[in-house]
Structures are given as C-alpha cells and as structure tokens.
Amino acid sequence: MRLPALRPLVRELGRLALLLTPLAGHAAPDVPADAGLFTARVLTNASSTSRGSFLYFNQWETLTLQDASKREVEIKADKAGGSNSSQVFEAVLPAGKYRLLHMVSPRTPARVGADLQNVIAEFEVRPQTVTSLGTLIYQPTGNQGYTILCDGFDAPQIERVRLGYPALYQAQAEHAPVRPCVGNEVAARASQALQGRTYVLSSSRMTSVVGTATLGVIQALIEKASATEAIQAWKAETDPQKRLSMARSSTYAFNAARMLDSGEVLAGSNLGQVLVREPQGRWQRLDTGDTREITTLLADNRQQILVGGEDGLLMQTTDGGKSWQAISAPTHGLIVNLARQDKRFFLLAIEGFDAVLYGTSDLQQGPWTELRREVNAREEVKLPLATFFRTPSLTASGWVLGDRYVMVTSNGFVNSLNLKDESWTRTKTPFEEPRGATALRNGSLFAYSKNKVWVSRDQGATWTRDEMGCMKLITAAYGAKGQAYNVCGQGAFVFSTALMQRSGDAASWTTLSDETPTPASALFASEVDDTLLFMNPEGLIYGRAPGAKDWTLERKPL
C-alpha cells in the first residue's frame, strides 16, 4: 500500500497532531475526568517478519484517528509489547467522537500504509470509560489486496486495563466498555445492506470491508493462480463470521513444530490455530477459539496439548482439540516456551525487553514463581534502511535438557538452572543476536546467527561453529541420523531459495533443491524419519516424504 500524497509543508506544520504513547508497564496513571481510554489490537494474518527476508510487513507503528474537529491523533504501538503478529494501540483521549483514518508500518525504503476510513463508522470515547475496538484482523485476499475484519475479542486489552488503570477497571461496573465492533456485528446481522457489505476489487491494491470485520494487508509477490483463487473466494463470501473462519483456515505462522511418536506433526499458528499433519501428509487445524498467535506448545500425544502465545495466552485441551480450557498465566507478555519435568512446569515469557522464567507444580491452580529474569534480553528490532532483507533476532528460547532448564536469549547469553540444587549459571555465547535456537532429541542445541550456525553438546556451556555452506542463510534444521539442512537465499533481494543438505558428520554440502517450488521461510526436519517440510511466506506447506525426491504441496491456504 502507498501512503496518501504528502500534504504541503505549511499544512503539515499547521496541523495539530496529538502524539500519544501507550502507558502499559508504568505506574498506574490517572485518567482525567473528561477523558477515556482507547484501546485496539491489530493482528496481521500474514507472514511474520521472523519467517525470513521477504517483502512482507506485519508490524505496524502508528494508528491514526480523527476527532470531531478534523484533528489527527497519532497513537504509537507499544514497542515493549512481546507480540509476534499483533500490536496494541492504547491512549487516553479526550471524550468525543472519533474515526479511524489509517495506520503505517515502521519506516523502511517503502513504508507501508493501510487506509482504515471504511472499516467502522464513527465511534465515541466517553468520560471514564474504556472504548475497545477489540481485534482488527489484517487479512490478505490476493493480488496485494486485503480485507478488514473487526473481531470484538478484547480480553487481553481489558486485562491490560486492570493492570494499568485499576480505577478505570473498577469503574466498568457503572461504565460498561464501548465496543464499536460488537455493535457493528449486531448491526450487520440486522441490516446486511448497511453493515454487512463487502467490497473486493481484484485490480486494486486494497479492498475494504465494513461490518464485523478484520483488517488485512499483504505486501508481497503472490502466485497468480493462488491470488485469483483467493480473490474469488473472498468475493463470494460476505458473511463476517464465515470470513473470520476463512481467515482462521489461512494462517501463515509455523511455530514450535514438533513430531509426536505417532508420526503426527504439531505447530502453532496465527489466530489461535494449531496445525496438525498426519503421517500421510494430510493437514487439519485445531481451533482454540482465541485470536492470539500460538508461539509454543507442549504435547506428548495428540489428545493432551498445552499451548502458549501472545498476550499471556495459555490454553489446554485433553480431548484432542474438541474443547479448550483457558489457564491463568503468570504473565501478559509473549509466551515463547513451555516445558515440563515430571510434575513441574516451566513457562518462559517476554515481558517488555526482559525474558522471564516462571515455574509451578500445579498447572491449574498455581501459584507460579518467578525463577529468573534476564534484563534487556532483547532489543527493539531495527529495520535496515537500504534493503528489504529483514533478519530480526529471536526473543528467547528454553528447554529442559536432562537435569537442567536452559534458556538462550537474543542478547547472546545462556542461563542454565540445575534442577537438582536450583543453582543458576550464566554464560556468554560466541554469537550475538541469534535468529533461531532449537534443542534436539539427543540433548544438543543449535543456534543460527548472521549466516553462521553454532552447536552445543553440553547444555549450552560451550559452543562450536558448524559450517553451513551458505552465504544468505534464511533458516536451518537438523534431522534424523545427523542430517543437516539449510535454506539459502538467492539473488540480491532473495526472491528464491535453494535447499542444502549434509549427511551425518560429513564436511561437504550437497544441493537438495536448486530452487524450491516457492521461496522457503520456515523449515522442519523430523528427527524420527526423513520427513522434511517447509513453509513459504504465503502459508503454503510443501512436504517430502521419506525416500521421495519430489516436493508435494500439502497445504494451501487462501
């Protein structure tokens, strides 16, 4: 998307703009008697920036409103929030009428903007009241188009209000939150002509949806056939609830993938989805009913699955995903790891810029105890100014390895907890800003950073460099029998990828695929058999069965 034409400098200087920054994490502020709290969460159902180095944007920096006097109000995203595919926009505003205008991404060579003027009608901020837009879902529709869905789900924002504005939270008994999206949904069902209408223009860079809707934008090259199919599907369906179901079936994240002893592969994804691959290559999804991204999961079998994710998401199923139960988490940050030793559970979360490890012996009742806090474990991602090649670092990873819990953070430190005597060690790694770190079944760790891969065979105490034979490393994986794989970017802007393979402890690399069927951004190698999977930024999943030479398209979202 391109931003509207720049106004003349004089008009810009004369424009009165309010620059507001979220207050979460600070001392509880007072809300003036003639003001209310505005909150919205923008969730982008598009490829995460940590998936590779492609022309995709799913991070937004500024949300702009317009008040009744036509003044623009710019609200900045909470930079300290530990979210993957969503940002929270929160600000205390004078009471009055407002409209959504647009939002923009962080500054890059081609800063991205999204027009929001037709998402919902004018809404009101009332004195001493919370106005919650719920979750705006930014959903690709093909041909660089997007659709906007507005989901009334706002439990994470209301919890932020409880923590950051306790007096305002208590006042909800007398001043119920204003929820424009919920109102639109009711209106849409009552009057399709007014609120349920959808506009999808296949020749346009943007499409807009009013109603219960969701916001979606895609900034990437899409295969022509896939784009056409997506456009037709979104054109044909106008019911807001069915559109939300379509969005949930078209997620783009492939997080914390693992293979069970049954041969099934589980992975967390956007919009509260768990992706499940059967050994035959068929995919299905388990819907938690939440809209937050699942970034970690813990499962020994298909029936019992524990998931964690954005904004303190923690849920469990004991019946294979037929029903899900919410569990009270000790954090409202981004949960990046769940682990267990016997009856003891561990939860690693990103809170602002800190990595925090919690533990409990009772998952349902708690209490959770803070075990370790690595201060400034991550830094704000700084996008390069001269290229689209984006390589943000991971936040943190953790695992139970033998008699230790080991956590690796993006500031290049390893914190290791001795589970026998509860003592800690903290060591510096030879690498900085790792883009990914994983534990293998044999207890080894590997991390990749800046075209280099490092391996540890002593629970993170020491690391050795493993040559990867690749100048533009996108991602790496280790599989069965010591097999190593990497995805290498090709071309100045990485519009294609190759897949390399190395057998066992061999020193030389061979080319498994000169060019993958589509650019690969996430890679999974089974440690049980030779199953190999990769996902591209559009959510397509290709698989190669044990012994096979060709890739098979296994999953194709809209």
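This report walks through a predicted model of a single chain, from its overall make-up down to a few individual residues.

**The chain as a whole**

You're looking at 558 residues, and 57% of them are buried. The secondary structure is made up of seven helices and 40 strands. If you take the contacts between residues at least 6 apart in sequence, 55% of them join residues at least 24 apart. The chain exposes about 23300 Å², with carbon and sulfur atoms supplying 50% of that area.

**The disulfide**

There's one disulfide in the structure. It joins Cys150 to Cys181, with an S to S distance of 1.4 Å. The pair ties together distant parts of the chain: Cys150 sits in strand E10 (residues 145–151) and Cys181 in helix H4 (residues 180–190), 31 residues apart. Are these two cysteines buried or exposed? Both Cys150 and Cys181 are buried.

Next, some strand pairing. Strands of a sheet pair through backbone hydrogen bonds, in either a parallel or an antiparallel way.

Strand E27 (residues 413–418) and strand E28 (residues 424–428) run antiparallel, joined by five bridges. E27 and E28 form a hairpin with five residues between them, and Glu422 in the turn has a positive phi of about 65°.

Further along there's an open sheet of four strands, in the order E33-E34-E35-E36, with antiparallel pairing. Strand E33 (473–478) and strand E36 (510–513) are at the edges with a single partner strand each, so one side of each has no neighbour in the sheet. On average, neighbouring strands of this sheet are turned by 30° against each other, direction ignored. Strand E35 (residues 496–502) pairs with E36 in the antiparallel sense over three bridges. In E36, Thr511 is the bridge partner of Met500.

**Aromatic pairs**

How many aromatic pairs does a search of the whole structure find? The count is ten. In one of them, the ring centres of Trp60 and Tyr138 are 4.9 Å apart and the planes stand at 65°; edge-to-face needs an angle over 60 degrees, so this pair qualifies. Here too, distant parts of the chain are linked: Trp60 comes from the loop between strand E2 (35–44) and strand E3 (62–67), while Tyr138 belongs to strand E9 (residues 130–142), 78 residues apart. Trp60 has 2% relative accessibility and counts as buried. Tyr138, at 0% relative accessibility, counts as buried as well.

Phe534 and Trp551 make another pair, with ring centres 5.0 Å apart and planes at 80°, so they are edge-to-face too. Phe534 is in strand E38 (residues 532–535), and Trp551 is in the loop between strand E39 (541–544) and strand E40 (552–555), 17 residues apart. Phe534 is buried with a relative accessible area of 2%. Trp551 has a relative accessible area of 16%, and it counts as buried because the cut-off is under 20%.

There's also an aromatic cluster formed by Phe38, Tyr98 and Phe123.

**Backbone details and partly exposed residues**

A few single residues deserve a look. Gln128 has a positive phi near 55° without being a glycine, and it is found in the loop between strand E8 (123–125) and E9. Ala256 isn't a glycine either, yet its phi is positive at about 55°; this residue lies in strand E13 (residues 255–259).

The peptide bond joining Gly366 and Pro367 is cis, with omega about 0°. Pro367 is in the loop between strand E23 (354–360) and strand E24 (369–374).

Ser69 has its place in the loop between E3 and strand E4 (72–76). Its C-alpha atom is separated by 9.1 Å from that of Lys97, 28 residues apart along the chain.

| Residue | Relative accessible area | Class |
|---|---|---|
| Ser69 | 46% | partly exposed |
| Gln128 | 26% | partly exposed |
| Ala256 | 37% | partly exposed |

Notes:
Residues are numbered from 1 along each chain as its sequence is written. This is a predicted model: local features need pLDDT of at least 70, side-chain atom pairs count only at pLDDT 80 or more; totals for chains, interfaces and linings use all residues. Side-chain values use heavy atoms; hydrogens and water are left out. Two strands pair if DSSP finds at least two bridges between them. Helices (H or I, at least four residues) and strands (E, at least two) are DSSP runs, numbered from the N terminus. A disulfide is a pair of cysteine sulfur atoms within 2.5 Å. Buried means under 20% relative accessible area, exposed over 50%, partly exposed in between (1.4 Å probe, protein chains only). Contact means heavy atoms within 4.5 Å. Accessible areas come from the Shrake-Rupley method with a 1.4 Å probe; for residues, only the protein chains shown count as cover. Axes are lines fitted to C-alpha atoms, for helices over the stretch in contact, and angles run from 0 to 180 degrees between N-to-C directions. Rings of Phe, Tyr and Trp (its six-membered ring) pair if their centres lie within 6.5 Å; planes under 30 degrees apart count as stacked, over 60 as edge-to-face and the rest as tilted.
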